[in-house]
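The following exercises are to be worked with the sequence and the coordinates at hand.

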Amino acid sequence: MKTLVAVTILSMALAGCVNPGKASVQEEQLQKHRFVLENINGKAITPGMTPAPEIAFGEDMAISGVMCNRFSGQGKLSDGELKVNALAMTRKLCAEPELNELDHAIGTMLRNGTQVDLTEDQLTLATADTTMVFKRAE
């Protein structure tokens with residue numbers, strides 16, 4: 001009986017050391033990298049858009065990028081969620097409606113918080129309503 005109790009306690013202790021969920025993305029994995037948008041909600045981005053929609057992560061999680069308008073801010077990554085409290089964005093109207101929609105989507109996602117996943121060279125930003133998939137450019 002003592003052996004059974006000891007084995008049970010040891011099993012529970014070892015089980016506590018295993019992370020059953022997906023590991024969260026760390027700031028170091030994003031910093032000093034630039035990602036180009038490939039699709040939003042499964043729909044491919046129109047090739048040849050100028051400027052090419054992208055997001056970049058600098059030191060200390062300084063975030064910058066462009067969809068139609070340029071945006072920047074100080075990001076905070078916590079438990080796999082990225083949030084930018086003071087997101088600055090230029091305010092021009094673009095000729096391509098798709099770019100205007102991307103501006104709105106990235107602004108909402110970063111201000112309200114978005115789940116982040118990084119798998120090899122693919123960055124995914126996702127909320128309940130929107131999923132953006134990027135490919136590492138550098």
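Two exercises with worked solutions follow.

The model is predicted, so local features need pLDDT of at least 70 and side-chain atom pairs count only at pLDDT 80 or more, while totals for chains, interfaces and linings use all residues. Residues are numbered from 1 along each chain as its sequence is written, and side-chain values use heavy atoms, with hydrogens and water left out.

**Exercise 1.** Determine where Thr114 lies and which residues it touches.

Solution. Step 1: Thr114 belongs to strand S8, residues 114-119 (strands are DSSP runs of type E of at least two residues, helices runs of H or I of at least four, numbered from the N terminus). Step 2: Thr114 counts as buried because its relative accessibility is 1% (buried means under 20% relative accessible area, with a 1.4 Å probe and protein chains only). Step 3: beyond four places in sequence, Thr114 touches residues including Glu81, Met109 and Ala126 (contact means heavy atoms within 4.5 Å). Step 4: the C-alpha atoms of Thr114 and Glu81 are 5.4 Å apart, although 33 residues separate them along the chain.

**Exercise 2.** Locate the disulfide and state which parts of the chain it ties together.

Solution. Step 2: Cys68 is joined to Cys94, with an S to S distance of 1.1 Å. Step 3: Cys68 sits in the loop between strands S4 (62-66) and S5 (70-78), and Cys94 in the loop between S7 and helix H3 (97-112), so the pair ties together parts 26 residues apart in sequence. Step 4: the link of Cys68 and Cys94 is right-handed, with 60° about the S-S bond.

Conventions
Buried means under 20% relative accessible area, exposed over 50%, partly exposed in between (1.4 Å probe, protein chains only). A disulfide is a pair of cysteine sulfur atoms within 2.5 Å.
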